[in-house]
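I opened this model to look up its fold, its core and a few backbone angles. My notes follow the order in which I looked.

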Amino acid sequence: MSGKKIAIIGGGNLGSAIAKGLLKSGFSKAADITVTKRNTSTLKDLKEQGVHIESDNAKAISEADVVVVALKPYNVKEVLSELRASFDAKKQILISVVTGVFLDDLEKITLPGLPIFRAMPNTAIAIQESITCICGRNATEEQNQYVKEMFDQLGVSVNIDEKLMDAATVLGACGIAYALRFIRASIQGGIEIGFDARTANLIVAQTVKGAAELLIKEKRHPEEEIDKVTTPKGCTIAGLNEMEHQGFSSSLIKGITASMDKIIKG
Ligand SMILES: NC(=O)c1ccc[n+]([C@@H]2O[C@H](COP(=O)([O-])OP(=O)(O)OC[C@H]3O[C@@H](n4cnc5c(N)ncnc54)[C@H](OP(=O)(O)O)[C@@H]3O)[C@@H](O)[C@H]2O)c1
């Protein structure tokens with residue numbers, strides 16, 4: 001248990017999921033977490049678990065060791081600039097999970113020298129299965145380690161350079177949607193070859209989970225595992241090659257680069 005007091009500013013989807021994950025993993029106790037939002041009635045669940053619920057951001061920040069900002073990008077400047085006086089660069093760290101707000105902007109809006117991190121999780125953070133990409137500045141080694149440990153409780157985390165943060169958004173956060181669309185299409189194929197939707201869903205989801213676990217747990221390369229299932233003249237290679245003739249890998253790569261273009265050009 002970290003023992004640090006954590007204030008989560010913006011208790012929406014992501015802010016609440018972070019609070020729930022920190023509680024579930026035992027990283028923080030409920031009494032050490034404060035979650036803020038203007039309409040606090042949606043945070044009953046957390047309140048019942050003993051989490052402090054606040055609409056006073058200044059109070060939450062001034063009592064915290066760690067401030068997690070989970071506001072919408074268009075709210076950040078307006079909300080944080082009014083809270084500048086509540087931060088303390090000597091004893092606090094700020095972690096922003098907000099898409100597209102740079103470390104430079106965050107430091108300008110808050111305090112010079114404040115240890116600041118950007119973290120890009122995905123929605124699987126709600127079940128502690130996120131991949132979270134992290135970058136930071138002004139932090140000590142101990143603070144770097146603390147933030148990594150915090151997000152390791154919520155899945156797996158990796159430190160990256162800030163210039164890769166948009167790419168992390170595409171591959172990790174948008175990636176959930178790409179993976180789910182693959183699953184959805186496979187379910188539709190499964191129904192066409194005879195399964196009811198519920199059984200097809202189970203078979204596909206567990207198959208995808210198994211494939212991912214082979215890479216994560218056994219550290220295998222995808223092609224090495226594909227070779228094991230592609231019997232010469234068999235049905236797997238026939239299906240795979242047909243998918244490639246139809247542009248399977250190419251469409252995925254083009255989709256990823258289209259998402260990246262959209263982030264960069266708006
Ligand atoms: N969802 C994802 O997969 C994902 C992944 C990575 C990063 N992100 C980033 O995470 C951020 C939050 O996303 P989200 O999906 O959680 O959005 P969300 O559900 O809309 O949460 C934002 C919350 O901020 C609260 N808020 C607004 N003004 C406030 C204020 N002045 N003080 C305190 N709270 C305030 C809102 O509640 P009230 O209106 O009641 O105040 C709302 O619940 C975004 O910047 C997004 O880019 C999301």
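These entries go from the whole chain to single residues.

**Ground rules.** I worked on a predicted model, where local features need pLDDT of at least 70, side-chain atom pairs count only at pLDDT 80 or more, and totals for chains, interfaces and linings use all residues. I numbered residues from 1 along each chain as its sequence is written.

**Whole chain.** I found 11 helices and 8 strands. Helices (H or I, at least four residues) and strands (E, at least two) are DSSP runs, numbered from the N terminus. The C-alpha atoms fill a box of roughly 70 × 40 × 30 Å along the principal axes. Of the 266 residues, 31% count as buried. I call a residue buried if 20 or more other C-beta atoms lie within 10 Å of its own, exposed if 12 or fewer, and partly exposed in between, with C-beta atoms placed from the backbone. For contacts, I required C-beta atoms, placed from the backbone, within 7 Å. Among contacts between residues at least 6 apart in sequence, 62% join residues at least 24 apart.

**Domains.** I took the bounds from an automatic or database domain assignment. It gives domain 1 (6-160) and domain 2 (168-265). Their C-alpha centres lie 33 Å apart. The contact takes 8 residues from domain 1 and 6 residues from domain 2. On the domain 1 side I noted 5 nonpolar, 3 polar and no charged residues. Here Ala, Val, Leu, Ile, Met, Phe, Trp, Tyr, Cys and Pro count as nonpolar, Asp, Glu, Lys and Arg as charged, and the others, Gly among them, as polar.

I counted pairing when DSSP finds at least two bridges between two strands. S1 (residues 6-9) and S2 run parallel, joined by 4 bridges. Ile6 has Ile33 as its bridge partner in S2. S2 and S3 (residues 52-54) also run parallel, with 3 bridges. There, Val35 is partnered by Ile53. Which residues cover the two faces of S2 (residues 33-36)? Ile33 and Val35 lie on one side, Thr34 and Thr36 on the other, and all are buried. S1, helix H1 (residues 13-25) and S2 form a right-handed β-α-β unit. Right-handed means that, with the strands pointing away from the viewer, the path from the first strand over the helix to the second runs clockwise.

**Core.** I defined a nonpolar core as buried Ala, Val, Leu, Ile, Met, Phe, Trp, Tyr and Cys residues joined through C-beta atoms within 7 Å. The largest has 51 residues, and Ile8, Ile18, Val68 and Val69 have the most contacts inside it. H1 gives the largest share of this core, 5 residues. Beyond four places in sequence, Val69 touches partners including Ile9, Leu80 and Leu94.

**H9 and H10.** H10 (residues 235-245) lies largely in the open, because 0 of its 11 residues are buried. Gly247 follows H10, with a positive phi near 90°. I also checked Glu225 in H9 (residues 222-229). Glu225 has 14 C-beta neighbours inside 10 Å, so it counts as partly exposed. Neighbours within four places aside, it contacts Leu214 and Arg220.

**Positive phi.** Most residues other than glycine have a negative phi. Asn138 has a positive one, about 65°. It lies in the loop between S7 (130-137) and H6 (141-152). Lys219 has a positive phi near 55°. Its loop joins H8 (197-218) and H9. Buried or exposed, how does Lys219 count? It counts as exposed, with 7 C-beta neighbours inside 10 Å.

Terms used: Two residues are in contact if their C-beta atoms, placed from the backbone, lie within 7 Å.
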